[in-house]
Amino acid sequence: METEGARTGRLGLLLEQFDQAREMAQVRLAGLGDEEYLWEPVAGCWSIRRRGEAVTPKAYGPGEWVLDKGAPDIPASEYAEVARQAADGMTVAEIAEDWSVSVERVEQVLAHTGTPEPDETPVTTIAWRLGHLHSGLAGRWEWTFGERRQEPRSLVDFTPSATVALERYWALVDRWRDSVAAVTEEQLDTVGFSQYPYGSDPGDRFAGVLAGENLELIHHMAEIAVLRDLWRTRFATSR
């Protein structure tokens, strides 16, 4: 017996998960100010910066502020993700572009055996996490429900204002959610329904793309929540 109003089926479950994650994220982000949004807890953080002050070689954005990008290597913690991308049909060249590394480096990771090297994943600011989420979702919407022609990394005008960043991001989340809610069962099973170029979307069933987008929201918002906790307790003394 079904509960009245309960969502069933794949799309219903995916929407339910997305809605719950969004609700928790909005509660967790309440009261975010500019100083906390841009806070760098350690030296060498990735963040959003004025174009001439970016600390990474492939920082991007269409306006005055850009998002740091350009890891010199693939972190050891992401070797399994690279293997998954290859198994899902991405070419070595596509994976190299996705991680901003050489084709040779991807081949080394795919052939890797033994103990991984120490993880050198950069620490990021809340501004970077939100910008990364916003940029990825904007590109995925454009290449799924939009005209499928605009460069994904030119779609988000990054801002040093936490309030403006959140307003813009939640508006995009609403647009994505409305578009997803209209997807049919046939489209859920369509390989390449999303043609987002910076990922394995063109070779994936759309149901899998949706599950991955939900995970992206969940794990980055969890990281933002940890940064908020650290900000709140940064001047606390041990007892």
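## Basis of the model

Because the structure is a predicted model, local features need pLDDT of at least 70 and side-chain atom pairs count only at pLDDT 80 or more, whereas totals for chains, interfaces and linings use all residues. Residues are numbered from 1 along each chain as its sequence is written, and side-chain values use heavy atoms, with hydrogens and water left out.

## The largest cavity

Three cavities of 30 Å³ or more are counted, where a cavity is a set of points on a 1 Å grid over the protein atoms alone at which a 1.4 Å probe fits but cannot get out. The largest cavity has a volume of about 100 Å³, a volume being the space filled by probe spheres set on the points, which are joined across faces, edges and corners. Of the 14 residues that line the largest cavity, Tyr 37, Gly 131, His 134, Phe 158 and Ala 165 are the closest to its centre; a lining residue has an atom within 4 Å of a point.

Helix 6 (126–142) and helix 7 (162–181) are the elements that give two or more residues to this lining, helices being DSSP runs (H or I, at least four residues) numbered from the N terminus. By class, the lining of the largest cavity holds nine nonpolar, three polar and two charged residues, with Ala, Val, Leu, Ile, Met, Phe, Trp, Tyr, Cys and Pro counted as nonpolar, Asp, Glu, Lys and Arg as charged, and the others, Gly among them, as polar.

## The second largest cavity

The second largest cavity, with a volume of about 50 Å³, is lined by Leu 14, Leu 15, Phe 18, Trp 176, Val 180, Leu 210 and Asn 214. Helix 1 (9–28), helix 7 and helix 9 (206–232) each give two or more residues to this lining, and the largest share, three residues, comes from helix 1. Six of the lining residues are nonpolar and one is polar, with no charged residues.

The axes of helix 6 and helix 9 come within 9 Å and cross at roughly 165°, where axes are lines fitted to C-alpha atoms over the stretch in contact and angles run from 0 to 180 degrees between N-to-C directions. The two helices are therefore roughly antiparallel to each other, a term for angles over 145 degrees. Their crossing is left-handed, in that the near helix is turned anticlockwise from the far one by less than a right angle. On the helix 6 side the contact (heavy atoms within 4.5 Å) includes Ile 126, Arg 129 and Leu 130, and on the helix 9 side it includes Glu 213, Glu 216 and Arg 228. The residues of this contact divide into nine nonpolar, two polar and six charged.

Helix 6 also passes helix 7 in a left-handed crossing, with axes that come within 10 Å and cross at roughly 35°. Among the residues that meet here are His 134, Ala 138 and Trp 141 in helix 6 and Tyr 169, Val 173 and Trp 176 in helix 7. This contact has 10 nonpolar, two polar and three charged residues.

## Helix 3 against helix 4

Helix 3 (residues 79–87) and helix 4 (residues 92–99) pack at an angle of about 140°, with their axes 10 Å apart.

Notes
1 Å grid on protein atoms, 1.4 Å probe; cavity = no way out; pocket = protein on both sides within 12 Å on 5 of 7 lines; lining within 4 Å. Parallel < 35°, antiparallel > 145°, perpendicular 65-115°, else oblique.
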